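Thanks, everyone. Please have the sequence and the model open. I'll talk while you look.

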Amino acid sequence: MQNNLRTLLDQAELAWGPHNFWVKAKEALTLITGEAQPEPVAESKAPAKAVKPNAKGKDALLSITLSDRQRIAESLCAASLEDFARAQIALNELSDPALKDFWSAMITFMRTGKPHDTKVLRSSGYAKAAGFWSANLLAPFAEKREVWFLGNTTLSSWTKFRHNINQLPNQEAREAVDKEMQSLLLSDDMSRMLRSLKFVLLVENGDYDAARETWDALDKRKLPLSLRLAGGMLTQEDVKNLLPQEIGAAAKLSPALRSLLAAAGTGTNLVAEAPFWTKAEVGRNSDVNKDWPLDRLLVLADWQARWEAAPGQELARRSAFLFPDTTFSYGCLTYLTQKAIEGRYFQLAGTYLGKMESMATDKSAQAVRLGLKAKMERDSGKDAEALETYHALTELGVALEPKIRLDMATFLQLKNDFEGGRKQLLLLWEQRESLPRPLQAEVLFWLGEGEHSLRNYDAALDFYLRLAYEYPKEPMWPTVAMYRAAMIYELKGSFEPAKKFLNAVIATADTKEAKEAARNRLNALEAKSGKPTSAKDGHEAVYPF
């Protein structure tokens with residue numbers, strides 16, 4: 001394996017030249033294999049804009065004290081019993097706001113399964129800590145969150161016992177657990193859960209020597225992930241003893257577990273990786289790619305910052321390939337799919353959508369994918385497939401982006417499902433205060449079109465006129481609405497209002513074709529009514545509602 005890696009790196013350097021990535025990769029390989037020894041931290045050359053081992057003040061690495069680590073472990077122990085209020089109280093004593101933000105997010109993730117908004121971490125300069133959440137390392141453990149909690153949370157006898165223990169003072173709770181452990185009728189599983197519970201109570205009481213003794217007797221691999229973390233950071237346990245023995249499961253858990261232990265100030269950095277709480281400038285002027293090209297979380301944070309500053313297809317393609325199964329990658333694939341559909345490269349768009357479908361995401365992200373899929377199917381003439389996709393979209397039961405909901409509504413109307421279209425448009429109209437005015441105007445227009453098609457002329461007229469009078473400066477829609485209103489007035493035999501709206505269209509339309517259509521309609525209407533519009537009748541129509 002080592003020889004294969006050396007050959008690969010040598011060939012890469014020949015092909016692409018002695019670029020920094022290949023140089024750093026070869027250095028890392030020599031360190032891993034023991035052919036070279038790492039330089040002492042105090043003597044190593046610190047990257048100019050990343051970590052500074054001897055820095056002071058605002059550029060220094062975040063220092064995590066033993067007290068911080070104990071509070072984090074206490075919080076994780078409380079969360080293992082689903083006592084999230086007590087977990088948060090323990091974190092309130094942490095010494096640094098960024099550290100508190102990170103671990104509060106961890107407790108929230110255990111409670112909800114939702115990833116963290118990295119705004120606080122990024123604004124504090126902790127790019128790698130922010131990259132942890134962007135990398136989505138916890139996604140495999142989001143849906144089945146019972147892996148974080150002690151015992152079978154669906155077993156009523158256990159949850160009742162756990163609840164009762166949570167209500168007792170710590171000393172009485174430990175005595176109750178000790179009493180239960182003396183029973184001769186305990187199953188192996190119950191014995192393990194009680195010993196794990198005793199570890200939790202000892203940590204919460206600050207009795208770390210006794211907690212260590214209890215920890216040493218536990219089968220670490222059978223503990224919930226929260227307690228593996230808590231015990232690992234308190235005892236400096238070798239991370240290998242915390243991972244499953246099955247290779248695939250260990251590979252899935254290892255990156256997240258190592259990063260979380262590092263976030264608590266324990267463990268050792270992997271070769272060629274920056275410390276977890278590195279303060280680094282990321283983005284266009286960053287040296288991260290030069291200094292830490294093999295640190296996946298830090299490079300991810302850097303590329304994400306570059307993307308937010310200047311998104312583009314080349315960066316999106318590279319990011320989606322190099323950081324699969326991340327929220328960042330999903331966003332890049334979304335961008336690429338949109339561009340492919342706009343360019344009518346439907347096969348390429350389908351490839352991107354296939355990659356998105358295979359990723360573990362929440363329902364909101366699935367809604368984005370299904371909205372793009374439906375648009376691709378519509379634009380490529382696959383109406384039946386688009387209709388099926390829109391139905392799948394509504395079954396998700398989540399809030400949709402306004403543009404996706406509007407596309408769905410207009411498509412349903414196109415397929416003569418006016419009731420379904422009205423339902424989606426009214427949902428949009430209810431949230432109109434959060435929509436830009438051009439979109440508000442468009443929603444009103446399509447509401448009018450739907451009622452017009454159903455021959456609900458009064459309702460259609462109300463939508464058209466409201467659009468014309470409340471949104472007169474928006475492009476296109478007010479003019480078309482006035483033309484539609486004139487058609488309805490003519491149908492109802494109210495020729496004078498119809499003429500006034502047609503004159504308004506002639507005066508305000510942006511295109512020659514629209515003006516000509518209104519003028520022809522007005523001539524026909526005057527011929528039908530037997531008299532032209534008189535100046536004494538007034539030049540403007542009046543909003544009647």
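Start with the largest cavity: α13 gives the most to its lining, with four residues. This is a predicted model, where local features need pLDDT of at least 70, side-chain atom pairs count only at pLDDT 80 or more, and totals for chains, interfaces and linings use all residues. Residues are numbered from 1 along each chain as its sequence is written, and side-chain values use heavy atoms, with hydrogens and water left out.

How many cavities of 30 Å³ or more does a search of the whole structure find? One. The volume of the largest cavity is about 40 Å³. A cavity here is a set of points, on a 1 Å grid over the protein atoms alone, where a 1.4 Å probe fits but cannot get out; lining residues have an atom within 4 Å of a point. Grid points are joined across faces, edges and corners, and the volume is the space filled by probe spheres set on the points.

Which residues line the largest cavity? L138, F141, W148, L225, L229, L253, A256, L257 and L260. Two elements give two or more residues to that lining: α12 (225-235) and α13 (247-263). Helices are DSSP runs (H or I, at least four residues), numbered from the N terminus. By class, the lining has nine nonpolar residues, no polar and no charged. Nonpolar covers Ala, Val, Leu, Ile, Met, Phe, Trp, Tyr, Cys and Pro; charged covers Asp, Glu, Lys and Arg; the others, Gly among them, are polar.

Stay with α12. In the loop between α12 and α13 sits Q236. Phi of Q236 is near 60°, a positive value in a residue other than glycine.

Now the packing of α12. Helix α3 (residues 66-80) packs on α12 at an angle of about 160°, axes 8 Å apart. That makes α3 roughly antiparallel to α12. Axes are lines fitted to C-alpha atoms, for helices over the stretch in contact, and angles run from 0 to 180 degrees between N-to-C directions. Under 35 degrees counts as roughly parallel, over 145 as roughly antiparallel, 65 to 115 as roughly perpendicular, and the rest as oblique. The crossing of α3 and α12 is left-handed: the near helix is turned anticlockwise from the far one by less than a right angle. From α3, the contact uses R69, Q70, I72, A73, L76, C77 and S80; from α12, S226, L227, L229, A230, M233 and L234. Contact means heavy atoms within 4.5 Å. The classes at the contact of α3 with α12 are nine nonpolar, three polar and one charged.

Next, α17 (residues 327-342) and α19 (residues 363-379). Their axes come within 10 Å and cross at roughly 15°. α17 and α19 are therefore roughly parallel to each other. Their crossing is left-handed. Y330, T334, T337, Q338 and I341 of α17 meet A365, Q366, V368, R369, L372, K375, M376 and D379 of α19. That contact has six nonpolar, four polar and three charged residues. In the loop between α16 (313-322) and α17, look for D325. D325 is not a glycine, yet its phi is positive, about 65°.

Last pair: α22 (residues 418-430) and α23 (residues 437-453). The axes come within 10 Å and cross at roughly 155°. So α22 and α23 are roughly antiparallel to each other. The crossing of α22 and α23 is left-handed. Among the α22 residues meeting α23 are F418, R422 and W429; α23 residues in the contact include W446 and E451. By class, the contact has nine nonpolar, three polar and two charged residues.

Methods: 1 Å grid on protein atoms, 1.4 Å probe; cavity = no way out; pocket = protein on both sides within 12 Å on 5 of 7 lines; lining within 4 Å.
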